[in-house]
Amino acid sequence: MREEELQEIEELCSAATPGPWHVRTLNDDSAMNLVAVSTVPGAGAGERWPDFDHRDLVAATLVQHPRYVDVGDECWDENAAFVAMARDAVPRLVEEVRRLRALPADKDEGEGVSA
């Protein structure tokens, strides 16, 4: 991966809503079963509006009724967990790639790391 690509990833991370992000399972008369990624942790499964603030939600992996957001493999919870984890993991991975690249060449070879 080129430094330009790392820079682009870093810029996207910096521009996104700050983390950490959390998976929340929400429910209300309009959305019914809503799996979302939020900037705040939930109070428990099935929170109903108005007990949650829509401005805390950054993504949804399922909006069941009407079927606005869905995925054929039904990995709603898994996808939400991945998105929430990626918010913190991707910037750390960029840092780790840069750290490994900065290691002296002889140390890279000894640890089996390639640049």
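**Figure 1. Cys-13 and the cysteines of the predicted model.** Cys-13 is buried, its relative accessible area being 13%, which falls under the 20% limit for burial. Cys-75 has a relative accessibility of 24% and is therefore classed as partly exposed. The structure contains zero disulfides. The model shown in this and the following figures is predicted.

**Figure 2. Overall layout of the protein chain.** Three helices and three strands make up the secondary structure of the protein chain. Read from the N terminus, the elements follow the order α-β-β-β-α-α. Of the 115 residues in the protein chain, 22% are buried. Contacts in the protein chain between residues at least 6 apart in sequence include 47% that join residues at least 24 apart.

**Figure 3. Packing of helix α1 against helix α2.** Helix α1 spans residues 3-15 and helix α2 spans residues 76-102. The two helices pack at an angle of about 150°, and their axes lie 10 Å apart. The angle therefore makes α1 roughly antiparallel to α2, since angles over 145 degrees count as such. The crossing of α1 past α2 is left-handed.

**Figure 4. Residues at the contact of α1 with α2.** The α1 side of the contact consists of Glu-3, Leu-6, Gln-7, Ile-9, Glu-10 and Cys-13. On the α2 side, these residues meet Arg-87, Val-90, Pro-91, Val-94, Val-97, Arg-98 and Arg-101. By class, the residues of the contact of α1 with α2 are seven nonpolar, one polar and five charged. Cys-13, one of the α1 residues in this contact, is the buried cysteine of Figure 1.

Figure 5. Pro-20 sits in the loop between α1 and β1, the latter covering residues 22-26. The peptide bond from Gly-19 to Pro-20 is cis, and its omega is near 5°. Most peptide bonds are trans.

**Figure 6. Surroundings of Val-40.** Val-40 lies in the loop that runs between β2 (34-38) and β3 (57-63). With a relative accessible area of 30%, Val-40 is partly exposed. Leaving aside residues up to four places away in sequence, Val-40 touches His-22, Arg-24 and Asp-56. Trp-21 is 19 residues from Val-40 along the chain, and the C-alpha atoms of this pair are separated by 6.7 Å.

**Figure 7. Surroundings of Gly-46.** The loop between β2 and β3 also holds Gly-46. Gly-46 is partly exposed, at a relative accessibility of 29%. Gly-46 and Leu-26 are 20 residues apart along the chain, with 4.5 Å between their C-alpha atoms. When residues up to four places away in sequence are not counted, Gly-46 touches Thr-25, Leu-26 and Asn-27.

Figure 8. Glu-74 belongs to the loop between β3 and α2. The phi of Glu-74 is positive, at about 60°, although this residue is not a glycine. Most residues other than glycine have a negative phi. Glu-74 has a relative accessible area of 52% and is exposed, the limit for this class being over 50%.

Notes
Residues numbered from 1 in each chain as written. Predicted model: local features only at pLDDT ≥ 70, side-chain atom pairs only at ≥ 80, totals over all residues. Heavy atoms only, no water. Axes fitted to C-alpha atoms, helices over the stretch in contact; angles between N-to-C directions. Helix = DSSP H or I, 4+ residues; strand = E, 2+ residues; numbered from the N terminus. Parallel < 35°, antiparallel > 145°, perpendicular 65-115°, else oblique. Left-handed = near helix turned anticlockwise from the far one by under 90°. Contact = heavy atoms within 4.5 Å. Nonpolar A, V, L, I, M, F, W, Y, C, P; charged D, E, K, R; others polar. Disulfide = S-S within 2.5 Å. Buried < 20%, exposed > 50% of the residue type's maximum accessible area, 1.4 Å probe, protein only.
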